[in-house]
Amino acid sequence: VELARLRGPAPASGEPAGGLLDEAFDATPTGLPGRHAFEQRMAQWQAALVPGTPLVLMIGSVDQFKALSARFTPAKGREVLRAIGQLLRKHLRPNDAVGSWAGEEFVVGFGGGAPLEESMQAANRLRDIIEQHDWPALAPDLAVTASFGLTAFGEGEDLSDALLRAGWALHDARRHGRSQVRAI
């Protein structure tokens, strides 16, 4: 009974479930929707995708986040994540999907048929916006950068395969000096 109360009323056929449990599941330090909500949005996009329309997936990560949290405290680390969530919401288009992924990682689905090259330009703008943000307002000597990995999401492709490729691209960006954008 308690679990049913937390889940909320049963959804009508075809509607997503809701309730406190789902809200708690998607609560994130960035203030962005969580993994569950992002995966649902991507599944909806994939189902409605017109053949031949590009869909690009991006994974981003705050560079050296563990060291940043250790030096400036975990509370400051959470403030950095919230600020990045706000920057992403402010600077992404309304038709883009954004969510927290894991810890200091976030994920973006570029909607509206943006090709990979255009999405890479958007990722580079986000990288610059994050780097140029007024981080010392949170803590003196605080500097934050982010790295990004992108991939084109193919028709009928499983989301996990595209995420794996985007993750490889992110790893490549980190391996080549961080504060970079890479695509596979």
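Visitor: By class, how many nonpolar, polar and charged residues has the lining of the largest pocket?

Guide: Six are nonpolar, two polar and four charged. Nonpolar covers Ala, Val, Leu, Ile, Met, Phe, Trp, Tyr, Cys and Pro; charged covers Asp, Glu, Lys and Arg; the others, Gly among them, are polar. The model is predicted: local features need pLDDT of at least 70, side-chain atom pairs 80 or more, while totals for chains, interfaces and linings use all residues. Residues are numbered from 1 along each chain as its sequence is written, and side-chain values use heavy atoms, without hydrogens and water.

Visitor: What volume has the largest pocket, and which residues line it?

Guide: Rolling a probe the size of a water molecule over the atoms shows where empty space is left. Here, the volume of the largest pocket is about 160 Å³. A pocket is an open set of 1 Å grid points where a 1.4 Å probe fits, with protein on both sides within 12 Å along at least five of seven lines; lining residues have an atom within 4 Å of a point. The lining includes His91, Arg93, Asp96, Phe110 and Glu118. Helix H6 (residues 116–132) gives the most, six residues. Helices (H or I, at least four residues) and strands (E, at least two) are DSSP runs.

Visitor: At what angle do H4 and H5 cross?

Guide: Two packed helices are described by the angle between their axes and the distance between the axes. The axes of H4 (residues 65–72) and H5 (residues 74–91) cross at roughly 130° and come within 6 Å. So H4 is oblique to H5. Phe65, Leu68, Ser69 and Phe72 of H4 make the contact with Pro74, Lys76, Gly77, Val80 and Leu81 of H5. Contact means heavy atoms within 4.5 Å.

Visitor: In what order do the strands of the sheet lie?

Guide: Strands pair if DSSP finds at least two bridges between them. Five strands form an open sheet, S2-S3-S1-S4-S5, with mixed pairing. The edge strands, S2 (97–102) and S5 (181–183), each pair on one side only. S2 and S3 (residues 105–110) pair in the antiparallel sense over five bridges. Val98 has Val108 in S3 as its bridge partner.

Technical notes
Points joined across faces, edges and corners; volume = space filled by probe spheres on them. Axes fitted to C-alpha atoms, helices over the stretch in contact; angles between N-to-C directions. Parallel < 35°, antiparallel > 145°, perpendicular 65-115°, else oblique.
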